[in-house]
Amino acid sequence: MSTTEGPTLIPDDAAAQAMMDREAKMKPRKGWFPGLGEKWNTLSRQKQWLILIVVVVIAYLLPILNPPLITTEPGNNWQIALAQMSVYALVAVGLNVVVGYAGLLDLGYVAFFAVGSYTAAMFTSPDSPYVHIPYLWTLPLAMAITMFFGVMLGVPTLRLRGDYLAIVTLGFGEIVRILATIIPAMKGQVGFQNVGHPPGTDSGGQPIFLNSNGTPWYWLTLTIIILVLLAAGNLERSRVGRAWIAIREDEDAAEIMGVPTFKYKVWAFAIGASVGGLSGALFAGQVGFVNNQKFDIATSILFLAAVVMGGTGNKVGAILGGSLVAYIPLRFTAIAEFKYLIFGAALVLIMIFRPGGILPARQSLLAYGRIAYNKVKALAMKKPGTGQLTTSTGKGAGDE
Amino acid sequence: MITEVIPSLIRTVSTDDTWITFDVNSLAQNFWSSTFDGLTFGAIYALVALGYTLVYGVLNLINFAHSEVFITGCYGVFFTLSALNFGPSAPKLAFWAIVGNLVLALVVAIVASALMAVIVERVAYKPLRQRKAPRLAFLITAIGVSFAIQYTIYWWRGPSPEAALTMFRPTPLFDVFGTIIDSQQVVIIVAAVILMVATDQFIRRSRTGRGIRAVAQDPDTATLMGVNKEKIIVTTFIIGGVLAGAAALFYVMKIPSGVQYSGGFILGVKAFAAAVLGGIGNVRGALLGGLLIGLIGNYGQVLLGSSQWTDVVAFVVLVLVLIVRPEGILGSSLGKSKA
C-alpha cells in the first residue's frame, strides 16, 4: 500500500498530508454501524465494564429467555441452536487469529476442528479401543494435538508465500476427511458414539450434560469463549499482536524492521489451530457422535465466511459472524439448503463491496503510528529549530 | 492413572483396527498397468495444471475457481453427449461418427469452460484489481467464487453424479511389458501432449504469448511498453479455460460417471500440486508435474489399497515439494522462460 511513498522522517506538512490521505483512504471502510467504535472508546472504563457485564449476563440468560422472533423454534431446538452458535463463534475467534490478525489464509480450518473432535471421541467413546480419559481432559489434549498438527503443516508452508498456505490447508482439510474414511481405525461413517461429557448429575440423578440439552453446553462454551477472548485480547495488544498486524499489513517491511515473521506466523497458525481443536472437542461432546460426514471442506468455507462477515481482525466481529453463520440456516430453515451457495457468494460480495465486514477492525497500526507521530511532533514543537518545522501543522492531523 | 494406561496400551496393540497397510505384492504385480493408467490421469492433471500455472504466472494468484471452470467443461461434455444419445454402454456408431460427436463435445466444453473462466475473471477478480485490494482479498474471493459456482451446480443438478456416459469401447492396441495399452489411454495421452506442446509454442512464439510473458515478468513495465495488460489477463484466463475444457472431455472419457458438482475440487488440488511440483508458472513444468503426480498417485493407490489414497499421496507430495524444493523441479516463473 505504502510502497510508493518513501519514508517521512521529519514531521512537516507533507507528512501531515500523507497521514490525512491515509486516514481518508480508511474512511469508506466503516461498517454497518459507523462511529460505534469511537463512541465505545470515549466511554469511561467503568461504563465499558458495566455494559460488558450486562451483555455477558444477557448472553448467559439467552437459553432461558428464549426471545420471540429471534428464537429458532419451531424447527430447531433453541438451546441446541445456541450451543452450536457458540461453537461456531469459538471457531471464528480462533480462525480470526490466523486470518484476521496475521493475514494468513487458512482454508482447511475444519481439519483442525475434525482433529479436535476425533481426539475427544477416540479418548472417551466406548467404541474406541484406546486409552480412555475423562472428557474435560480431552479439551487441553485436543488443543495440544491440533497445535502439533498446526506446526507440522505450518513450518513447511509458512516459509513460502501466503498462497501456498491457502492451497495446502485446503488440501489438508479434505485429506483429514478422506483419512477418516479410509483408515479402518477411524471407523469411517460408522464413527464413534457416546462421546464423553463433563461430570456432574442433577438432583434426579441424570447427568447435567446431555446431548439433548444444549443449555449446559452453551454455558460451558460461552465461558470458554470469554476466556479465549481475554487471552486473544491480551495477545492482540502484546508484542506478538503488533508483530502479527505488521506482518498482515506488509510482510517485507515487517521483516526489515526486525520482526521474525516466520516465527510469529507459525505462532499465529498454531494458536489458531489449537482453538479450532478446542471447539472441535466441544462440538464432539455436545453432539455425542463423531463420524467422517461432518467435516467436509465446505464447512471450512462457512468458518471463513464467519470471520470475513464479522470483520476480519475484529474479535467481537468474529463472534458475531460465527453466531450468524450458524444461526441463519437454523432460523430460516427454508434457505438452509443453500447455505454454502449463500455464504460463498457473500464472501465475494463482501470482499468487493465491503472488505471490512460488519464490524471492521480498527486500523491498529495506523492508530499507534498516529500516537507516535503526535508525540514526535509535540517534542519538535517544544524545541524550535531542531527540525524543519513550520507552524502551520496545527490545523492538520495534530488535534485529537 | 499409569496402571490404567499400560493395559489399555497393550489392548491398543492387539486391536483389529489398523491404521495403514502396505501391499507391496499388489504394486509389483500391477506396476506397468498402474504406470500407464497413471500417465493417462497425469495427462489430464497436466492440462488442468496449465490453467493454474498460467494465471499464477500472470496475476500471482491461485485461481481456486479453476476447478469449477473445469467442472463446467465436464457438464458441457455431459449435456452435449446426452443430447447426442450417448449412454452408459458404448454407442454403436461408425468410427468417424464417434469422432465427429466427440469433437462437437470438445468444442462445447471448451466454449463453456472459457466462458466460465472469463466470467470469473470479470466478476470476481477485476473489481478487486481496480481497487488494488490486498492479496488476502483476492484469495478469499477466489475461494468464495469457487464455492458459489460449486453449490449453484449442486442446487441445479443435485448431489449425486450424473449418469455415466461411455464414449467408445477401449480397444487393446499393443502390448508393453505384458500390459495391454488400449486406445483410450493412447487418445488421452497423445491429445493432451499435443495440446500442451501447442500451448508451450504459443506462449513462446506468438505475439500474445510474448505479451503474457511480459506481463508475468513485470506488469507495469509491460504496460509502459504498450502491452494491454487487461487484454492479456483475459487471454490468459481463456487459454486456461480452453485447456480445462479439453481436460474435461478426457476426464469424462476416463471416468464416465465423474460428472458431479464437487468433482472438480479434489482434481483441482491435485492439478495444483502438479503445477507446484513442476514449478509454478512454468508451462513445461506443468506437463512434467502432472505426469509425475498421476504416476505417484496411482502407485500410492495400488500400494495402499484404496483409490482415495491417490488424493492423500498427491497432497503429501505437494507438502514434501514445498519443504524440499519450493520452486519445483523445473523452476518457477513464467516470465523468465526463454523465447
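In helix H14 of chain A, the buried residues are A:Lys339, A:Tyr340, A:Phe343, A:Gly344, A:Leu347, A:Val348, A:Ile350, A:Met351 and A:Ile352. The structure described here is a predicted model. An α-helix has 3.6 residues a turn, so residues three or four places apart point the same way. Such spacing can be followed from A:Tyr340 to A:Phe343, and on to A:Leu347 and A:Ile350, each of them buried.

Attention now turns to the contact between the chains. Chain A contributes 40 residues and chain B contributes 43 residues. On the side of chain A that touches chain B, at least two residues come from each of helix H6 (135–158), helix H7 (162–182), helix H12 (297–310) and helix H14 (339–353). The most is given by H7(A), with 14 residues. By residue type, this side of chain A comprises 32 nonpolar, six polar and two charged residues.

H12(A) packs with helix H6 of chain B (residues 135–157) at an angle of about 130°, and their axes are 11 Å apart. The two helices are therefore oblique to each other, and their crossing is left-handed. From H12(A), the residues A:Ala298, A:Ile301, A:Leu304 and A:Val308 meet B:Ile140, B:Ile143 and B:Phe147 of H6(B). This contact is made up of seven nonpolar residues, with no polar and no charged ones.

Two further pairs lie within chain B. Helix H4 (residues 66–83) and helix H11 (residues 263–278) of chain B have axes 8 Å apart and pack at an angle of about 130°, which means that H4(B) is oblique to H11(B). The crossing in this pair is right-handed. H4(B) brings B:His66, B:Ser67, B:Glu68, B:Phe70, B:Ile71 and B:Cys74 to the contact, while H11(B) brings B:Gly263, B:Gly264, B:Phe265, B:Leu267 and B:Gly268. Together, these residues divide into five nonpolar, five polar and one charged.

In the second pair, helix H7 (residues 183–205) and helix H12 (residues 283–304) of chain B have axes that come within 9 Å and cross at roughly 160°. H7(B) is therefore roughly antiparallel to H12(B), and the crossing of the two is right-handed. Here B:Met196, B:Thr199, B:Asp200 and B:Ile203 of H7(B) meet B:Val283, B:Arg284 and B:Leu287 of H12(B). The residues of this contact comprise four nonpolar, one polar and two charged.

How values were computed. Residues numbered from 1 in each chain as written. Chains lettered and ligands numbered in written order. Predicted model: local features only at pLDDT ≥ 70, side-chain atom pairs only at ≥ 80, totals over all residues. Contact = placed C-beta atoms within 7 Å. Helix = DSSP H or I, 4+ residues; strand = E, 2+ residues; numbered from the N terminus. Nonpolar A, V, L, I, M, F, W, Y, C, P; charged D, E, K, R; others polar. Axes fitted to C-alpha atoms, helices over the stretch in contact; angles between N-to-C directions. Parallel < 35°, antiparallel > 145°, perpendicular 65-115°, else oblique. Left-handed = near helix turned anticlockwise from the far one by under 90°. Buried ≥ 20, exposed ≤ 12 C-beta atoms within 10 Å, placed from the backbone.
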